[in-house]
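I want the overall shape before anything else.

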Amino acid sequence: MTTPLDPAAVIAEFIDRVSPYNPHPDAAPVAVVGVRTALGEDVFTLSDHVIRALCRALESYRDPEDRGDCSGCGGRHLDENLHCRDCGQLHGILGQVIAEHARRVAAAGDDPQ
Ligand SMILES: [Zn+2]
């Protein structure tokens, strides 16, 4: 279940949070962003300062499920254990530990003793 979210309210709060730091508060707006959801719609006129801040915020966002790319197949679906759902490769410390353990087990199996 996802938490209820009012995108227009979030954008309005973002503008309120960023606008006080606009070095040119009297400059004309340079962008218009409209948001329409089931909760209603809003249109925001944004200063250069705010639209740049919004773009930087969007660029820096990473999905919580984004754990990087698989070095084996290039897939983008690593689970919480850094296990690739596409090809099965393990990544990170756990993947290294398991791979080393598998090598030791295989080497011990090859040992004639
Ligand atoms: Zn993979």
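**Shape notes**

I began with burial: 6% of the 113 residues in the protein chain are buried. By the cut-off I used, buried takes 20 or more other C-beta atoms within 10 Å of a residue's own, exposed takes 12 or fewer, and partly exposed is in between, with C-beta atoms placed from the backbone.

Ground rules, for the record: this is a predicted model, where local features need pLDDT of at least 70 and side-chain atom pairs count only at pLDDT 80 or more, while totals for chains, interfaces and linings use all residues. Numbering starts from 1 along each chain as its sequence is written.

Next I listed the elements and found three helices and two strands, in the order α-β-β-α-α from the N terminus. The radius of gyration is 24 Å against the 13 Å of the globule rule for 113 residues, so the chain is more spread out than a compact globule. That radius is over C-alpha atoms, and the rule is 2.2 Å times the number of residues to the power 0.38. Helices (H or I, at least four residues) and strands (E, at least two) are DSSP runs, numbered from the N terminus.

I then took the box along the principal axes: the C-alpha atoms fill roughly 80 × 35 × 20 Å.

For domains, I have domain 1 at 7–60 and domain 2 at 64–113, from an automatic or database assignment. Their C-alpha centres lie 43 Å apart.
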